[in-house]
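Please walk me through this protein model, starting with its nonpolar core and ending with a pair of packed helices.

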Amino acid sequence: MIPDLGKYADAVLSSYAVSIALIVALVAFSVMRGRKVRAEMEKVEQRMSRNG
Amino acid sequence: MSIAAKANALWEYANPRKFLETSERVLPFFWIVSTICIVVGLIWGFFFTPDDYKQGSTVKIIYLHVPAALMAINCWLMMLATSLVWLVRRHHVSALAARAAAPIGIVMTLIALLTGAIWGQPMWGTWWAWDPRLTSFLILFLFYLGYVALWEAIEDPDTAADLTSVLCLVGSVFAILSRYAVNFWNQGLHQGASVMRAGAVTGADTEEKVSNVFFYPLLACIIGFVLLFIALVLYRTGTEIRARRIKALQARERVGG
């Protein structure tokens, strides 16, 4: 399945692993913080509308 | 619609509510198309392109290294544009967009530096050299860290936006140097531009250029990275707008209560 990368296999595979991990971590962190902030904003807005 | 009217219509997006409505509508497109482009580009490049006659299989690193380096520089230029909008027109959304983009730039610069080091070791025999392009990229990375640290260190958001905008103007020198360093100083190890050069793409010049076998999957990856960057900036700017609204509401609560 994986093409024959020869003597540079470590360099190629580690480049892909590091890059993909960093991109996935960036997206995951952004989405998690986005959801948390959105939920908190809704909570604050509800509390304010209840208190007038 | 005249050009002036179109330009004025653009400022509508400085309204946080309008920005959030529009970004929520277009975000699914950017998430989906960017993922498709990156996945297709990487699978195409990794599995279906041959080894380079000089660099062997390490040429496959190009599909991550070049798009990440491109976005590292262009992210800073986008931050420069939005910082200038903040300094001139005082639109909060533009300052928050610059803040939202900085961590993306950090990750892109880090990917470019790491994949460059991993690629450089077998090709140049060293992980690192104080080459003009590598050094200017490292300085750009440090500017990104300083920019984020400055936002975090200052409590008043308008003062933070002012100071980070000035830092962004100064750092732009290194963003531009990162792109053109190889043209100014040719004693470094890093090669000159072989992809984003008009003559290289059209075949009009005779200098070394990327073969079409490698170019098309690389183009897919570059488009994917650009779209992913837009998706992340829109999403993260929305988060920053909401975080700012929370602070404003909490301040109002404290005054009222």
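In the largest nonpolar core, which has 70 residues, the members that touch the most others are Ala68(B), Ala72(B), Cys75(B), Ala101(B), Ile104(B), Met108(B) and Leu140(B). Such a core is a set of buried Ala, Val, Leu, Ile, Met, Phe, Trp, Tyr and Cys residues joined through C-beta atoms within 7 Å; buried means that 20 or more other C-beta atoms lie within 10 Å of a residue's own, with C-beta atoms placed from the backbone. At least two residues of this core come from each of several helices, including α1 (9-50) of chain A and α3 (62-89) of chain B. Helices here are DSSP runs (H or I, at least four residues), numbered from the N terminus. The largest share, 17 residues, belongs to α4(B).

This is a predicted model, in which local features need pLDDT of at least 70 and side-chain atom pairs count only at 80 or more, while totals for chains, interfaces and linings use all residues. Residues are numbered from 1 along each chain as its sequence is written, and chains are lettered from A and ligands numbered from 1 in the order in which they are written.

Now look at Ala72(B). Beyond its neighbours within four places in sequence, Ala72(B) is in contact (C-beta atoms within 7 Å) with Gly105(B), Met108(B), Thr109(B), Ala112(B) and Leu140(B).

Finally, find α2(B) and α8(B), whose axes come within 7 Å and cross at roughly 150 degrees; axes are lines fitted to C-alpha atoms over the stretch in contact, and angles run from 0 to 180 degrees between N-to-C directions. The two helices are therefore roughly antiparallel, the word for angles over 145 degrees.

Terms used: Buried ≥ 20, exposed ≤ 12 C-beta atoms within 10 Å, placed from the backbone. Contact = placed C-beta atoms within 7 Å. Parallel < 35°, antiparallel > 145°, perpendicular 65-115°, else oblique.
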